[in-house]
Amino acid sequence: MPLALTPRLFCRLAILLILSIVAACSIPEKPPNRYQDDIEVSQPEARPVTELQNQALAALNQDQYQLAVDYLQRAIKIQPRNAWSWHYLAQTYWRDAQYDRCLAMIERSNSYGSFDEALTSANDRLKPKCQQG
Amino acid sequence: MPSRAKRKKPKSANRRPRRNYRLIAVLLLVGAFAVYLGYLNHLINSRFEGDTWAIPSRVFARAQELYPSLVLTREQLIYELDLSSYLAVKAEPLPGQYRLLGGSLEVNTRPFDFGTQFQPARLVQVFFERGRISALIDSGSSEDLQLFRLPPVILGSYYPDNDEDRLLLAEDEVPQRFIDTLIAVEDRQFFQHWGLSPMSIMRAFLVNLRAGKAVQGGSTLTQQLAKNLFLTPEKTLLRKINEAFMALILELRFSKQAIITAYVNEVFVLQQKRIAIHGFAQASRMLFRRSVDSLEAQHLALLVGMVKGPSRYNPFSSPDAALSRRNLVLKIMFEQGVLGEAEFSEATAAPLGIVDRLPGVNPFPAYLDLVKRQLQASYSSAELAQRGLRVFTAFDPLLQRNLELGLARGLGRYNQPELQAAVVIADYLNGDIQALVGDRVTDFPGFNRALMAQRPIGSLIKPLLLYSLLGEQLTLASKVKDEPIRIQQSDGKIWEPRNYDRELHGEMSLYEAFIHSYNLPFVQLGVAGGLEALAQNLAQIKLLKHDVVYPSMLLGTTSMSAFEVSQMFQVIANNGYFTPLTTIRSVTDQHNQTLERVPFESHKLFDQARMIQVQRAMIGVTENGTAGYLAERFPARTLAGKTGTTNEARDSWFAGFSSRLLTVVWLGRDDNGPINLTGASGALKVWSDIMELQGFESFKISRDDSLDWRHINPANGGITRKSCEISVLLPFPKDQVPTARSRCP
């Protein structure tokens, strides 16, 4: 049975077309760029890194700063662009009154995690504390 | 009677002085003897109560982290364990041993003190799948492990002047069976005598008399210790007297356990090239790859047997003599009740069980040299040779192996025996120097070219020069001219630089000029203002070698070592963050107390967005430029790099980086003669051989919101279509995005 283009069908197709165009436009334009970095936290190394970060935070809670630094440096060696590891390192240096190092680590953390709002705001809160120190 | 009295007086007067003389003589003798004993006592004190032995400082590699998903093959893990002198066994491994189970590997790690943490021995099974670790299981608890740290390999030691090497055992670390064997063979009266054994001396005297020559000694273990520690081996009466008194003093002053422990640590067992191996602990590691607490009867017997004649019973040069001596010791052990009959039979039937050959002394001399130079800021050579420091470094033995194999393969391309090489591999994100060679013969401890050879770097200067040029006026798309230039120098002479191919290429984008390493556009831009900025940037990373800035610096006439070049490229690869390259991460004393730590440093010296533009241009070099060979060899990977060649092809350089590794290769001759290799035909090929063996991930540029990416035509810098075959995607500061459009040719 041949499909007749009735006015009703025409209207429906037109609405579908408009909706498709709107939907396509709502996708943010992001040209593929094979040169740019991915986000590292989604990589499989994330599990040992998370474990080391947790151990570092536990050490930090017990004021064992050197041990915390050791854990975090190990985490960074496994996954060097993990912005949270750098942030925790900054936190550790702040607690250990090494304020210049704290600021340097915040800067480094931001350079890897500028897209992560939680991270940047954590760094923003920590920065003045290190500056005051 | 006065005459009699007179006669008597002188008699008594004569007698008194004579008695006095005798008394004085006796007193003098006693005094001299006391002084002599006091002197011996002082000698003993100074050794026993201070640092009895000069202990070489040990240099450790990085501790290999093991976790599921880590790229590591079983063969690589075996290589690492072999370097740590782990022993392959078939039964369940003891600490310091491993076994292969199907496709997996079960290792029992040695206990190790990392300085901040002590890690006990642990039995762990490692599973592999497609070149990665797929699972880690604690064999004891069957628990899945997310992470496990292998104790690090010792990559070398700094030995004292006497070239002695030893591992010290504490009193409670000497196994009782070891003591029993030693006493059964060397001194059965050890726990009864006071340092001397008249019975042993008499027996030895009679045996020697019967034989007509000295065939047996009557020395106790304490006498042997006194001789080894304080005296020379010469056979004189005076030495024997000194030895006897020292033995007596030792017995008076110290416990039997302390004396036997000192003996176990002092005794000379083995010669390893120029190094004398003293003490059973180190000898056991060397010969059997075992710690003394895991030695079996036959091992104990061989070690104790070798004491009588380390050269005569050397199991490598005289295996038959060593075997027969070992079996004699086993027999004594059995007769003295140290061994049961079954174990005696089993041990006697066992082979010597030693390693095929002794490991080389310091097989990584160039790296060790750099560690020493970096340590010398805090420690003297004497301290390094005597204090038994533990130096933890970033050295990666697996990477070093790939470097050495790749270098050998790469140099094999060129029939130039005079061609020398230096290579540095670093993790540019944290500043760790992970591998290094300073000679084409990688285990030759000579001139370390990676640190010492200062050579012109040629076009390796261009990335930092490009950084210095980019800014308000210039972008990668800016048009530049490749045309002749004449510069009058300060001495009045005219400098007329040329391109390497001696051609002129007309107008093009700055990107295009960079990837083909054309000299003239960079000299034009440099003399117009980039030179001063370049000098300032070099000064920031402490690589400006001269106060006077001269135009030829624009073409890399500045000399640097491969190490210095690595520091320059570290900043470039790391988005402008300067991290001092280092080998050392921490130092502890011999009791594991931390003396020094080298934390991660990070100083933002350069603008990230501008450095990203440089990185993108360096990717262009490997895709379509002078290092286009990389795109052919590794088509699916993205790498960034730069070639460098100096006048008359005397130096061939390549510096390049992947996702984490920065590798710098230099080739040249020590006499500075031409090698007829460019950066692309020489160092780049060697670089590729190394990286192919190592395996690597693509370099990715960091996201930076201040940059916009556009497709441009590199011939003229105009915006073009993505689909245009010649278009390249380049980053631009948001306010400097090119507006001119270019037609796709």
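Two strands count as paired if DSSP finds at least two bridges between them. Strands (E, at least two residues) and helices (H or I, at least four) are DSSP runs, numbered from the N terminus. This is a predicted model, in which local features need pLDDT of at least 70 and side-chain atom pairs count only at pLDDT 80 or more, while totals for chains, interfaces and linings use all residues. Residues are numbered from 1 along each chain as its sequence is written, and chains are lettered from A and ligands numbered from 1 in the order in which they are written.

**An antiparallel sheet in chain B**

In chain B, 5 strands make up an open sheet with antiparallel pairing, in the order 17-16-30-29-28. Strand 17 (432-437) and strand 28 (640-645) of chain B are its edges, each pairing on one side only. From one strand to the next the twist averages 10°. Angles here run from 0 to 180 degrees between N-to-C directions, and axes are lines fitted to C-alpha atoms, for helices over the stretch in contact. Helix 19 (residues 562-573) of chain B packs on this sheet and touches strand 16, strand 29 (651-657) and strand 30 (661-668) of chain B. The direction of helix 19 makes about 145° with that of strand 30 of chain B.

The table lists strand pairs of chain B, including one from each of two further groups of strands described below.

| Strand pair (chain B) | Bridges | Sense |
|---|---|---|
| Strand 16 and strand 17 | 5 bridges | antiparallel |
| Strand 28 and strand 29 | 6 bridges | antiparallel |
| Strand 29 and strand 30 | 7 bridges | antiparallel |
| Strand 19 and strand 22 | 4 bridges | antiparallel |
| Strand 8 and strand 9 | 6 bridges | antiparallel |

Val423(B) has Val437(B) in strand 17 of chain B as its bridge partner. Thr643(B) stands opposite Phe654(B) in strand 29 of chain B, and Phe657(B) stands opposite Leu662(B) in strand 30 of chain B.

Strand 29 of chain B has 7 of its 7 residues buried. A residue is buried if 20 or more other C-beta atoms lie within 10 Å of its own, exposed if 12 or fewer, and partly exposed in between, with C-beta atoms placed from the backbone. In a regular strand the side chains alternate between the two faces of the sheet. On one side of strand 29 of chain B the buried residues are Asp651(B), Trp653(B), Ala655(B) and Phe657(B), and on the other they are Ser652(B), Phe654(B) and Gly656(B).

Two hairpins involve this strand. The hairpin of strand 28 and strand 29 of chain B has 5 residues between the strands, and Glu648(B) in it takes a positive phi near 55°. The hairpin from strand 29 to strand 30 of chain B runs through 3 residues.

**Other strands of chain B**

Another open sheet of 5 strands in chain B has the order 3-4-5-8-9 and mixed pairing. Its edge strands are strand 3 (87-88) and strand 9 (132-138) of chain B. In strand 9 of chain B, Ile133(B) is the bridge partner of Phe128(B). Helix 2 (residues 74-83) of chain B lies across strand 4 (97-101), strand 5 (104-109) and strand 8 of chain B, at about 25° to strand 5.

Strand 19 (residues 479-482) of chain B has Val480(B) and Asp482(B) on a covered face, and Lys479(B) and Lys481(B) on an uncovered one. Lys479(B) has Ser509(B) of strand 22 of chain B as its bridge partner.

**Helices of chain B**

Helix 3 (residues 176-186) and helix 10 (residues 319-335) of chain B pack at an angle of about 100°, their axes 9 Å apart. They are therefore roughly perpendicular to each other, a term for angles of 65 to 115 degrees, where under 35 is roughly parallel, over 145 roughly antiparallel and the rest oblique.

**Chain A and its contact with chain B**

Chain A has 6 helices and 0 strands. Of its 133 residues, 33% count as buried. In all, 31 residues of chain A are in contact with 27 residues of chain B, contact meaning that the C-beta atoms of two residues, placed from the backbone, lie within 7 Å. Helix 2 (46-61), helix 3 (65-78) and helix 5 (99-113) of chain A each give two or more residues to this side. Helix 3 of chain A gives the most, with 9 residues.
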